[in-house]
Amino acid sequence: NNNVMRDATFIEAGVHNGGICDIYPDFYTFTPEGQWRVTVEFDASQGDLDIVLWDKRNDTPVVGEDGNPVGSFGTGNIETLTGEGRSFIQIYGYNAASAAYTLRLEDL
């Protein structure tokens with residue numbers, strides 16, 4: 001159960017399947033050597049999902065220099081986020097939406 005940050009599922013580079021089936025998000029953590037890219041693919045007609053980079057210390061989304069959460073918040077079938085080093089991400093349903101997804105973690 002990875003619905004809270006402290007229970008984040010550890011993943012390595014590759015493809016992972018998941019799903020948002022209730023109001024709770026999914027958390028993942030990974031420890032690449034350098035830069036990484038996360039891609040979440042889903043059927044937006046089933047439910048719109050978004051991803052954010054998560055701040056473990058404060059248990060909130062990471063906020064960028066513009067004051068907004070760092071993440072991907074599109075309305076299509078794919079959300080993509082890039083970063084560097086050990087990280088936590090949260091995948092959640094926009095307006096409590098539910099959908100199955102495929103998560104791909106790539107080392108860049």
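Reader: What makes S3 and S9 a pair of strands?

Author: Strands are DSSP runs of E with at least two residues, numbered from the N terminus, and two of them pair if DSSP finds at least two bridges between them. S3 and S9 have five bridges and run in the antiparallel sense, so they meet that definition. Within this pairing, Thr29 stands opposite Phe88 in S9. Please keep in mind that this is a predicted model, in which local features need pLDDT of at least 70 and side-chain atom pairs count only at pLDDT 80 or more, while totals for chains, interfaces and linings use all residues. Residues are numbered from 1 along each chain as its sequence is written, and side-chain values use heavy atoms, with hydrogens and water left out.

Reader: How do you know that strand S1 pairs with S3, and in which sense?

Author: Two bridges join strand S1 (residues 9-10) to S3, and at least two are required, so the pair is counted. Their sense is parallel. Phe10 has Thr29 as its bridge partner in S3.

Reader: Why is S3 described as mostly covered?

Author: Buried means under 20% relative accessible area, exposed means over 50%, and partly exposed is in between, with a 1.4 Å probe and protein chains only. Five of the five residues of S3 are buried. Asp26, Tyr28 and Phe30 cover one side, Phe27 and Thr29 the other. Phe30, for example, has 0% relative accessibility and therefore counts as buried.

Reader: And Tyr24: buried, partly exposed or exposed?

Author: Tyr24 has a relative accessibility of 47%, so it counts as partly exposed. Tyr24 sits in the loop between strand S2 (14-20) and strand S3 (26-30). From Phe10, Tyr24 is 14 residues away in sequence and 18 Å away in space, C-alpha to C-alpha.

Reader: What makes Phe27 and Trp54 an aromatic pair, and of which kind?

Author: A pair of aromatic rings is described by the distance of the centres and the angle of the planes. Rings of Phe, Tyr and Trp (its six-membered ring) pair if their centres lie within 6.5 Å; planes under 30 degrees apart count as stacked, over 60 as edge-to-face and the rest as tilted. With centres 5.1 Å apart and planes at 80 degrees, Phe27 and Trp54 are therefore an edge-to-face pair. Phe27 belongs to strand S3 and Trp54 to strand S5, so the pair ties together parts 27 residues apart in sequence. Both Phe27 and Trp54 are buried.

Reader: How many aromatic pairs does the structure hold?

Author: There are two. Phe30 and Trp36 also pair edge-to-face, at 4.9 Å centre to centre and 80 degrees between the planes. Trp36 has a relative accessible area of 0%, which means that it is buried.

Reader: What makes a group of residues a nonpolar core?

Author: The group must be a set of buried Ala, Val, Leu, Ile, Met, Phe, Trp, Tyr and Cys residues joined through side-chain atoms within 4.5 Å. The largest such core has 18 residues, of which Val38, Ile89, Ile91, Tyr101 and Leu103 touch the most other members. S3, S4, strand S5 (49-55), strand S9 (87-93) and S10 each give two or more residues to this core. Apart from it lies another core of six residues, including Phe27, Val52, Trp54 and Phe88.

Reader: Which strands form the open sheet, and in what order?

Author: The order is S2-S10-S4-S8, with antiparallel pairing. S2 and S8 are the edge strands, as each pairs on one side only. Strand S4 (residues 35-42) has seven bridges to strand S8 (residues 78-84), and seven bridges also join S4 to strand S10 (residues 99-107). Val38 has Leu81 as its bridge partner in S8 and Leu105 in S10.

Reader: How do you know that the side chains of Ser72 and Glu79 make a polar contact?

Author: A polar contact is a pair of N or O atoms within 3.5 Å; within protein, one must be able to donate a hydrogen and the other to accept it, and residues adjacent in sequence count only if both atoms are side-chain atoms. The Ser72 to Glu79 contact is at 2.4 Å, so it falls within the 3.5 Å limit. A polar atom of the Ser72 side chain also lies 3.2 Å from the backbone nitrogen of Thr80.

Reader: Why is Ser72 called buried?

Author: Its relative accessible area is 11%, so Ser72 counts as buried. Ser72 lies in strand S7 (residues 71-72).

Methods
Helices (H or I, at least four residues) and strands (E, at least two) are DSSP runs, numbered from the N terminus.
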